[in-house]
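Please look at the sequence and the three-dimensional structure shown here before reading on.

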Amino acid sequence: MHKPLALTLAATLVLAGCGGWKDSRVNPTNWFGRSAPAEATVPEGTNPLLPQESNARGIFAKKPPEDKSVLISQVTGLQIERTASGAIIHASGVAARQGAFDVELRKAEATEDGVLAYDFRVVYPEEATLKGSEFSRTLHAARTLSNQDLEAIRLVRVNGAENARESRRR
């Protein structure tokens, strides 16, 4: 019983003699200097938490998947429903053959002022499929828009491979 007490007292005396620990280079809190205020060099209107380059990827990131989508054969319907927070765009189309999937209304790249254009895109299976009836090839897609998105928009257009549908604001 006397040995643990003696070791504890000896350790206490040794540690009491280490008064220079605070200023020692062994102390991890002294490895860096004191902090100083720095000026932020972030331009206005940017979020510093988001990366500047949109194509920046980590070393373990997978390659982005290849886009296999194509324009739908025909756009058969376009309807815009007003909501309290904006609008919903409903589009219907007929695919060239059965089995189309991954239906999407993707914003068109080249647009004019006051025109909001979307491409009605689908992905077809790699293997051959039957053409089938028009009813079995009909697909529907929708997209929501906020009131801010609709402020300067006078015309909404949905593009297909063979045609396009438009709806004007009243």
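The structure is a predicted model, in which local features need pLDDT of at least 70 and side-chain atom pairs count only at pLDDT 80 or more, while totals for chains, interfaces and linings use all residues. Residues are numbered from 1 along each chain as its sequence is written, and side-chain values use heavy atoms, with hydrogens and water left out.

The chain contains three helices and eight strands. Here helices (H or I, at least four residues) and strands (E, at least two) are DSSP runs, numbered from the N terminus. Read from the N terminus on, the order of the elements is α-β-β-β-β-β-α-β-α-β-β. Of the 170 residues of the chain, 24% count as buried. A residue is called buried under 20% relative accessible area, exposed over 50%, and partly exposed in between (1.4 Å probe, protein chains only). The accessible surface of the chain is about 13,700 Å², and 55% of this surface belongs to carbon and sulfur atoms. Such areas come from the Shrake-Rupley method with a 1.4 Å probe; for residues, only the protein chains shown count as cover.

Contacts describe how the chain folds back on itself. A contact means heavy atoms within 4.5 Å. Among contacts between residues at least 6 apart in sequence, 62% join residues at least 24 apart.

Gly93 lies in strand β3 (residues 86–94). Is Gly93 buried or exposed? Gly93 is buried, its relative accessible area being 0%. Not counting residues up to four places away in sequence, Gly93 touches Ile72, Gln74, Val75, Thr76, Phe120, Arg137, Thr138 and Leu139. Gly93 and Phe120 are 27 residues apart along the chain, and their C-alpha atoms are separated by 8.0 Å.

Asp102 belongs to strand β4 (residues 101–107). Asp102 is exposed, with a relative accessible area of 52%. Although Asp102 is not a glycine, its phi is positive, at about 55 degrees. Its contacts, not counting residues up to four places away in sequence, are with Arg121, Val122 and Val123. Between Asp102 and Val123, which are 21 residues apart in sequence, the C-alpha to C-alpha distance is 5.8 Å.

The next topic is charge. Side chains of opposite charge can pair when their charged atoms come close. A salt bridge is defined as a side-chain nitrogen of Lys or Arg within 4 Å of a carboxyl oxygen of Asp or Glu. How many salt bridges does a search of the whole structure find? The search finds four.

One of them joins the side chains of Lys68 and Glu126, with an N to O distance of 3.1 Å. This pair links distant parts of the chain: Lys68 is in the loop between α1 (2–16) and β1 (70–71), and Glu126 is in the loop between β5 (115–123) and α2 (134–137), 58 residues apart. Lys68 is partly exposed at 47% relative accessibility, whereas Glu126 is exposed at 71%.

Another salt bridge pairs Arg157 with Glu166, whose closest N and O atoms are 2.9 Å apart. Arg157 counts as buried at 18% relative accessibility, while Glu166 is partly exposed at 45%.

Glu104 and Arg106 also form a salt bridge, their closest N and O atoms being 3.1 Å apart. Glu104 is partly exposed at 31% relative accessibility, and Arg106 is partly exposed at 28%. Together with Asp67, these residues are linked in a network of salt bridges.

The last topic is empty space. Rolling a probe the size of a water molecule over the atoms shows where such space is left. On a 1 Å grid over the protein atoms alone, explored with a 1.4 Å probe, a pocket is an open set of points with protein on both sides within 12 Å along at least five of seven lines; lining residues have an atom within 4 Å of a point. Grid points are joined across faces, edges and corners, and a volume is the space filled by probe spheres set on the points.

The largest pocket holds about 290 Å³ of space. Its lining consists of Ile80, Arg82, Ala87, Leu150, Ile153, Arg154, Leu155, Val156, Ser167, Arg168, Arg169 and Arg170. Which elements give two or more residues to this lining? They are β2 (74–83), β7 (155–159) and β8 (164–168). By type, the lining residues divide into six nonpolar, one polar and five charged. In this count, Ala, Val, Leu, Ile, Met, Phe, Trp, Tyr, Cys and Pro are nonpolar, Asp, Glu, Lys and Arg are charged, and the others, Gly among them, are polar.
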